[in-house]
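Thanks, everyone. Let me put the model up, and then we will go through some helix contacts and the ligand.

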Amino acid sequence: MKVKINVKKPYDVIIEKGILSEMAEYLPIGLKKKTAVIITDNNVMPLYEPIVRKSLESADFNVFSYVFKSGEKHKTPEELVGILNFLAEIKVTRSDFIIALGGGIVGDMAGFIAGIYLRGIRYVQIPTTFLAAVDSSVGGKTAVNLKAGKNLAGLFYQPEIVICDPETFHTLDNVTFADGVSEAVKHGFISDEMFFRSLSGKTREQYMENIAEIVMRNVEIKGEIVAGDELEKGKRQLLNFGHTAGHAIEICTNHAVSHGQAVAAGMVLMSRAAYKKGFCDIDFSQEIEAAFSGFQGPINLNYSAEKLYETGLSDKKRRGAKINIIIPERIGKCVIKEINAEELLEVFRLGLEKK
Ligand SMILES: NC(=O)c1ccc[n+]([C@@H]2O[C@H](COP(=O)([O-])OP(=O)(O)OC[C@H]3O[C@@H](n4cnc5c(N)ncnc54)[C@H](O)[C@@H]3O)[C@@H](O)[C@H]2O)c1
Ligand SMILES: [Zn+2]
């Protein structure tokens with residue numbers, strides 16, 4: 001299966017079970033016979049690096065690997081500099097390329113490095129988490145975290161190709177798998193009602209039954225939104241549905257809830273608040289909650305609106321006294337709405353009240 005992402009410099013996303021062992025065959029001609037540097041983390045390294053390396057070596061690529069420790073606390077400028085120095089030491093040139101093999105952290109870091117090393121070399125995304133496949137590997141956003149917050153330094157820098165083997169999701173733990181589910185449900189909710197309904201209530205096993213098709217539809221949805229707004233000046237913001245509240249929940253709970261759990265809660269909160277504020281005619285919060293019934297118990301909304309508001313307001317999406325929130329019009333169609341920053345407190349309050 002192939003999806004074309006029609007950004008300024010278009011590229012393909014190939015999704016195929018078992019593709020990892022023959023990934024070299026799918027690389028664009030321009031990358032052939034070059035040096036490939038695989039960037040990955042210590043969890044993914046033993047699982048999938050040997051398969052990728054074997055495919056590359058048998059196609060006559062010169063292969064190096066760089067492994068860093070997994071986890072958000074290693075998605076840092078310090079780690080980034082370490083990798084840049086490694087590339088320079090092994091004399092990677094502008095005709096060589098990077099392979100980001102891993103989840104969203106590897107993808108964001110490796111993409112950023114590709115964007116700045118020698119003012120930009122090419123890179124390939126090989127997402128190995130469900131979230132990376134449906135979300136972070138597509139669209140060209142790259143970043144590292146700074147002390148003041150997540151993803152504060154980065155670039156928009158698109159890959160040459162994305163190669164996704166959904167077989168790799170078998171080794172994910174349940175929380176990491178469910179993080180991808182949140183983004184998949186979000187994509188359905190913001191732009192495709194039938195797709196949203198087809199995912200609703202599915203268990204992990206049921207997702208895996210037609211996982212390649214599910215990834216493909218997600219990539220199509222995200223690709224279409226990104227192609228219309230590569231630099232996030234307008235409609236790409238729709239992808240942030242549930243994320244302002246979700247981001248605040250993640251911080252308030254000191255990351256005890258995962259990104260996906262927080263976004264699921266954020267989408268429920270925003271739907272309920274949008275209805276109570278009269279921004280839409282129907283309260284979709286229960287349908288969103290039901291979409292996750294195959295994964296987790298009831299979605300926890302025991303947070304204080306004030307605390308969420310303080311945290312939510314420091315969100316980088318804030319623009320002066322006005323902020324954009326994403327609200328549903330109906331299932332399959334969300335819209336961007338500009339509100340005053342103070343109104344967000346009321347939105348959070350209404351969204352947190354059960355009835
Ligand atoms: N660039 C974007 O548009 C974008 C979008 C969404 C999220 N993100 C970023 O993505 C990151 C989250 O991505 P993630 O959820 O993939 O997290 P991650 O990269 O931390 O991966 C989650 C965990 O799973 C492990 N792992 C990865 N693949 C595995 C596999 N196949 N089998 C077993 N273990 C595996 C990793 O080592 C890690 O411990 C965040 O930093 C977020 O900011 C970026
Ligand atoms: Zn997200």
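Start with two helices in touch. In α5, residues D179, S182, E183, V185, K186 and F189 meet H259, G260, Q261, V263, A264, M267 and S271 in α10. Contact here means heavy atoms within 4.5 Å. By class, that contact holds 5 nonpolar, 5 polar and 3 charged residues. Nonpolar covers Ala, Val, Leu, Ile, Met, Phe, Trp, Tyr, Cys and Pro; charged covers Asp, Glu, Lys and Arg; the others, Gly among them, are polar.

Some ground rules. This is a predicted model, where local features need pLDDT of at least 70, side-chain atom pairs count only at pLDDT 80 or more, and totals for chains, interfaces and linings use all residues. Residues are numbered from 1 along each chain as its sequence is written, chains are lettered from A and ligands numbered from 1 in the order in which they are written, and side-chain values use heavy atoms, leaving out hydrogens and water. Helices are DSSP runs (H or I, at least four residues), numbered from the N terminus.

Now the geometry. Two packed helices are described by the angle between their axes and the distance between the axes. Axes are lines fitted to C-alpha atoms, for helices over the stretch in contact, with angles from 0 to 180 degrees between N-to-C directions. The axes of α5 and α10 (residues 259-276) come within 7 Å and cross at roughly 30°. That makes α5 roughly parallel to α10 (angles under 35 degrees). Their crossing is left-handed: the near helix is turned anticlockwise from the far one by less than a right angle, whereas clockwise would be right-handed.

Next, α5 (residues 174-191) with α8 (residues 211-227). Here the axes come within 10 Å and cross at roughly 55°. Among the α5 residues in the contact are F177, E183 and H187, and α8 brings residues including I211, N218 and K222. The classes are 6 nonpolar, 4 polar and 2 charged.

The crossing is right-handed. E79, L80, I83, L84 and L87 of α2 meet M109, F112, I113 and I116 of α3. That contact has 8 nonpolar, no polar and 1 charged residue.

Last, the ligand. Which residues come nearest to ligand 1? Of 25 around it (a heavy atom within 4 Å), they are D41, K75, G104, T129 and T171. A backbone N or O atom of G104 sits 2.7 Å from a ligand 1 oxygen. For K141, a backbone N or O atom is 2.9 Å from a ligand 1 nitrogen.

How values were computed:
A polar contact is a pair of N or O atoms within 3.5 Å; within protein, one must be able to donate a hydrogen and the other to accept it, and residues adjacent in sequence count only if both atoms are side-chain atoms. Angles under 35 degrees count as roughly parallel, over 145 as roughly antiparallel, 65 to 115 as roughly perpendicular and the rest as oblique.
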